[in-house]
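Subject: Structure handover

Hello,

Please find below the structure I said I would pass on. My notes follow after it.

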Amino acid sequence: MKYTLMNLLAEATADPAVSAAGEVAAEEMSTGAMIIYYAVQFVPLILIFVVFWFVLIRPQRKKDKEAQQMLKNLKVGDRICTIGGIYGTIVRIKDDVLTVEVGEAKTQMVFARWAIKNIDTLSVSNDAEQLI
């Protein structure tokens, strides 16, 4: 016998006291109807997870991947900005430690690679002259 949603629901609401064989079939049908009932209840939860995946999780993973690629591609001479807002130029790289020159006095500071927020394409001194 083919189990469809309509057949299972019709059998679940039918009188199960027809015969001994009918009682067993009705119990099986009611179990099948219950399975469908609970499966239908989980559909909204699955849809919510799918929406969260495409709206929150996937874009964040893409952003993290781009940040890791940027940190991996740092090289001597790059103008950078740290997460603390310090602008400077990389003068030395050793493993995960960067030495950065800062300011007109060319003060050297040491930073961890993870502390770099982004690579700048504009010179900070040129920006300051334009603002004044």
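Predicted model: local features only at pLDDT ≥ 70, side-chain atom pairs only at ≥ 80, totals over all residues.

Residues are numbered from 1 along each chain as its sequence is written, and side-chain values use heavy atoms, with hydrogens and water left out.

Whole chain

The chain has three helices and five strands, taken as DSSP runs numbered from the N terminus (helices: H or I, at least four residues; strands: E, at least two). Their order from the N terminus is α-α-β-β-β-β-β-α. Of the 132 residues, 17% are buried; buried means under 20% relative accessible area, exposed means over 50%, and partly exposed is in between (1.4 Å probe, protein chains only). The accessible surface of the chain is about 10400 Å², and carbon and sulfur atoms account for 63% of that surface; the areas come from the Shrake-Rupley method with a 1.4 Å probe, and for residues only the protein chains shown count as cover. Contact here means heavy atoms within 4.5 Å. Among contacts between residues at least 6 apart in sequence, 38% join residues at least 24 apart.

Core

A nonpolar core is a set of buried Ala, Val, Leu, Ile, Met, Phe, Trp, Tyr and Cys residues joined through side-chain atoms within 4.5 Å. The largest one has 10 residues: Met-70, Leu-71, Leu-74, Ile-80, Ile-90, Leu-98, Val-100, Val-102, Phe-111 and Ile-116. Helix 2 (20–72) and strand 3 (97–102) are the elements that give two or more residues to this core, and strand 3 gives the most, with three residues. Leaving aside residues up to four places away in sequence, Met-70 touches Ile-116, Lys-117, Asn-118 and Ile-119.

Charged residues

The structure holds two salt bridges, each defined as a side-chain nitrogen of Lys or Arg within 4 Å of a carboxyl oxygen of Asp or Glu. One joins Asp-78 and Lys-75 at 3.3 Å, N to O. Asp-78 is buried, at 10% relative accessibility, whereas Lys-75 is exposed, at 51%. The other joins Asp-96 and Arg-113 at 3.6 Å, N to O. This pair links distant parts of the chain: Asp-96 is in the loop between strand 2 (87–94) and strand 3, and Arg-113 is in the loop between strand 4 (107–112) and strand 5, 17 residues apart. Arg-113 is buried, with a relative accessible area of 15%.

Asp-120 lies in strand 5 (residues 116–120) and counts as buried because its relative accessibility is 18%. Asp-120 has no salt bridge, and the nearest side chain of opposite charge, Arg-79, is 5.5 Å away; Lys and Arg count as positive and Asp and Glu as negative, with His and the chain ends not counted. The C-alpha atoms of Asp-120 and Arg-79 are separated by 5.3 Å, although these residues are 41 apart along the chain. Not counting residues up to four places away in sequence, Asp-120 touches Arg-79, Ile-80, Cys-81 and Tyr-87.

Aromatic residues

There is one aromatic pair; rings of Phe, Tyr and Trp (its six-membered ring) pair if their centres lie within 6.5 Å, with planes under 30 degrees apart counted as stacked, over 60 as edge-to-face and the rest as tilted. The rings of Tyr-37 and Tyr-38 have centres 5.4 Å apart and planes at 65 degrees, so this pair is edge-to-face. Tyr-37 is partly exposed at 49% relative accessible area, and Tyr-38 is partly exposed at 43%.

Regards
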